[in-house]
Amino acid sequence: MSKTSNLRPWAVWSTAALTALTISLSPIGTYAAHAATEVKGTTGAVQTAPTTPARNTSIPAVPDSSKQSALPNVLVIGTGGTIAGQSEDATSFQNYKAGTLPIGEMVDALPDKQKIADVSTLQFGNSGSGSYSMADLYDLSQTVDKALALYDSVVVTTGTDTMEEIAYFLDMTVQSDKPVVITGSMRPWTVIGSDAQANLYNAIKLAGSGRTTSFGTVLMLNDTIQLARGVSKTNDYRTDTFETPMLGAVGYIDEENIRIYRAPARALKPEGTAKPVFDLSKITKADLAKVEIAISYQEAGGGAIEGFVSNGAQGIVTSGTGAGGISRAMGQARTKAIEEGVIFVTTTRTGSGSVYGGGKGIIAGDNLSPQQARVLLMLGLSFSDDFDTIKKWFETYGTPEV
């Protein structure tokens, strides 16, 4: 890849120019037309997926010029989301189509990237984050691992709606110790004051720095670095939406300064010894377990649990009140489901706090959010049907104490 690029003005692009670029220069041809789209407006997101689009998992070769360069080789894998959004006009902050612009054009538009890394791109897909299935995430994780066999680090761009689940899935499955950074934006690429360009630039900078080697997957948005485990989207519009309740961020990027203030337990272990047990090369997509989430509330009925069980759920996460409490009807439905072999994880709906205890067929989720507990339980059930083994994984991977 050439060190110098024909940089385009990126602060505000015209709708006509962007449409032309999308149609004529997209590396995936008609991805924008056929991929599932997320259309945002004042009434919220509407996701449509008439067909399941193919995912591009072909890793591009590292260019010869990059091999001879002293700069780190970074692969940016684009999956769509708001960061790749085409707005209705230059001031349409909420009215836009996510997953429209090709990642190659977005990276080409970044100024001064040749100062921080040699960057290549791969368009895995171009959809809103909620349009990806767990089977898609299986392919994405495998693609990241294969890319890290060639590149020094990987950046993954996604939509923010389910970014915390995508990031945690990668965190629990990618086997390489090399840096994996996930980023996105709360405003589409084409509006004034967008956070998209800065987030992508800083994600590339962080990935290339190597500062998060052995950290697993980290998020980089709003100049803030967060571990995948524990991070949560806390606001539907604000650019500072991602937070890690109780524990906080691990660091920050301030122009040339990358500051890391805490590290995960895995980073303290010798390199190569902290690989997660969930090696996806040992299972197929068909092995991925079916796991659901049931929320408790005042006088909540047991119908959700009963329905999930009848629909084939192997595991269920309860998002309980306070320290994980569920209603009497839900408790009765849970007891019956446990007798049928369903495994439960108990979490809190409060947004922060730890859940302890457990019992027959029930695992405590510690301070994992319901959605991240679901990812871990799904992986656990995909690799084992033994309750004690899965419980142990929650006590280690799910509760990574130092």
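Asparagine 222 lies in the loop between strand 9 and strand 10 (224-227), where helices (H or I, at least four residues) and strands (E, at least two) are DSSP runs numbered from the N terminus. Asparagine 222 has a positive phi of about 55° although it is not a glycine, and at 33% relative accessibility it counts as partly exposed; buried means under 20% relative accessible area, exposed over 50%, and partly exposed in between (1.4 Å probe, protein chains only). This is a predicted model, in which local features need pLDDT of at least 70 and side-chain atom pairs count only at pLDDT 80 or more, while totals for chains, interfaces and linings use all residues. Residues are numbered from 1 along each chain as its sequence is written, and side-chain values use heavy atoms, with hydrogens and water left out.

**The chain as a whole**

- The secondary structure of the chain comes to 11 helices and 19 strands, and of its 402 residues 55% count as buried.
- Among the contacts in the chain with a separation of 6 or more, 72% are accounted for by residues 24 or more positions apart, contact meaning heavy atoms within 4.5 Å.

- Strand 10 and strand 13 (residues 251-254) pair in the antiparallel sense over two bridges, and threonine 224 stands opposite tyrosine 252 in strand 13; two strands pair if DSSP finds at least two bridges between them.
- Strand 13 has a covered face, made of Gly251 and Ile253, and an uncovered one, made of Tyr252 and Asp254.
- Strand 13 also pairs in the antiparallel sense with strand 14 (residues 257-260), over four bridges, and here aspartate 254 stands opposite asparagine 257.
- The hairpin of strand 13 and strand 14 has two residues between the strands, and in it glutamate 255 takes a positive phi near 55°.
- Serine 214, in the loop between helix 7 (196-209) and strand 9 (217-221), likewise has a positive phi, near 70°, in a residue other than glycine, and at 11% relative accessibility serine 214 counts as buried.

- An open sheet of five strands has the order 15-16-17-19-18, with mixed pairing.
- Strand 15 (291-295) and strand 18 (358-359) stand at the edges, each with a single partner strand, so one side of each is left without a neighbour in the sheet.
- Strand 17 (residues 343-348) and strand 19 (residues 362-364) pair in the parallel sense over three bridges, with phenylalanine 344 opposite isoleucine 362 in strand 19.
- Helix 8 packs on the sheet, where it touches strand 15, strand 16 (315-320) and strand 17, and its direction makes about 170° with that of strand 15; axes are lines fitted to C-alpha atoms, for helices over the stretch in contact, and angles run from 0 to 180 degrees between N-to-C directions.
- Helix 10 (residues 370-383) lies across strand 15, strand 16 and strand 17, running at about 160° to strand 16.
- Glycine 341 lies in the loop between helix 9 and strand 17 and is exposed, with a relative accessible area of 54%.
- The C-alpha atoms of glycine 341 and glycine 361, which are 20 residues apart along the chain, are separated by 7.9 Å.

**Helix 8 against helix 9**

- Helix 8 (residues 303-310) and helix 9 (residues 328-339) pack at an angle of about 25°, with their axes 8 Å apart.
- That angle makes helix 8 roughly parallel to helix 9, since angles under 35 degrees count as roughly parallel, over 145 as roughly antiparallel, 65 to 115 as roughly perpendicular and the rest as oblique.
- Ile305, Glu306 and Val309 of helix 8 make the contact with Met330, Ala333, Arg334 and Ala337 of helix 9.

**Buried regions**

- Helix 6 (residues 163-173) is mostly covered, as 10 of its 11 residues are buried, including Tyr168, Phe169 and Leu170.
- In the largest nonpolar core, of 52 residues, Ile77, Leu140, Val144, Leu377 and Phe394 touch the most other members; a nonpolar core is a set of buried Ala, Val, Leu, Ile, Met, Phe, Trp, Tyr and Cys residues joined through side-chain atoms within 4.5 Å.
- Apart from that core lies another, of 31 residues, among them Ile103, Val107, Val119 and Ala196.
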